[in-house]
Amino acid sequence: LTITLGGLGFFLNGCSSYFNTNLLIFSDASSIAFIPQGIILMFYGTVALILGLFLCLTIIWDVGFGYNDYNADQITVYRKGFP
């Protein structure tokens with residue numbers, strides 16, 4: 001959740017510098033030049049949003065869940081992967 005909110009803040013700040021409007025209430029992006037600061041903010045925001053989505057879906061889908069079963073003649077290792 002923290003990565004997603006931080007990424008959203010970076011992305012909105014980059015968009016604010018592109019459109020020359022203030023999309024965030026708590027900061028003023030009018031002093032940020034779009035090239036190169038705004039582009040970098042939008043890139044980092046996009047990466048953070050994708051990473052946050054990946055982490056949330058990994059938790060929701062319970063990826064990595066599994067068990068090890070040790071019998072006398074057989075060893076079973078089960079792990080749940082991506083759907």
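**Exercise 1: helix H1**

What span should the 18 residues of H1 have at 1.5 Å a residue, and how far apart are its end C-alpha atoms?

*Solution.* Before we start, note that this is a predicted model, in which local features need pLDDT of at least 70, side-chain atom pairs count only at pLDDT 80 or more, and totals for chains, interfaces and linings use all residues. Residues are numbered from 1 along each chain as its sequence is written, and side-chain values use heavy atoms, with hydrogens and water left out.

Step 1: Helices (H or I, at least four residues) and strands (E, at least two) are DSSP runs, numbered from the N terminus. H1 covers residues 2-19.

Step 2: The expected span of a helix is 1.5 Å times one less than its number of residues. For H1 that should give 26 Å, and the end C-alpha atoms are 26 Å apart, so the two agree.

**Exercise 2: the buried side of H1**

Find the buried residues of H1, then look closely at serine 17.

*Solution.* Step 1: Buried means under 20% relative accessible area, exposed over 50%, and partly exposed in between (1.4 Å probe, protein chains only). The buried residues of H1 are Gly7, Gly9, Asn13, Gly14, Cys15, Ser16 and Ser17.

Step 1: Serine 17 has a relative accessibility of 3%, so it counts as buried. Leaving aside residues up to four places away in sequence, serine 17 touches Ala29, Ile32, Phe34 and Gly38; contact means heavy atoms within 4.5 Å.

Step 2: H2 is included in what covers the buried residues of H1.

**Exercise 3: rings and cysteines**

How many aromatic pairs does the structure hold, and how many disulfides are counted?

*Solution.* Step 1: Rings of Phe, Tyr and Trp (its six-membered ring) pair if their centres lie within 6.5 Å; planes under 30 degrees apart count as stacked, over 60 as edge-to-face and the rest as tilted. The structure holds four aromatic pairs. In the pair of tyrosine 18 and phenylalanine 19, the ring centres are 5.0 Å apart and the planes meet at 75°, so this pair is edge-to-face.

Step 1: Tyr18, Phe19 and Phe34 are linked into a cluster by ring pairs.

Step 2: A disulfide is a pair of cysteine sulfur atoms within 2.5 Å, and the count is zero. Cysteine 15 counts as buried at 10% relative accessibility, whereas cysteine 56 counts as partly exposed at 34%.

**Exercise 4: the strands**

How do S1 and S2 run, and how many bridges join them?

*Solution.* Step 1: Two strands pair if DSSP finds at least two bridges between them. S1 (residues 66-70) and S2 (residues 75-79) run antiparallel and are joined by five bridges.

Step 1: The two strands form a hairpin with four residues between them, and tyrosine 67 stands opposite tyrosine 78 in S2.
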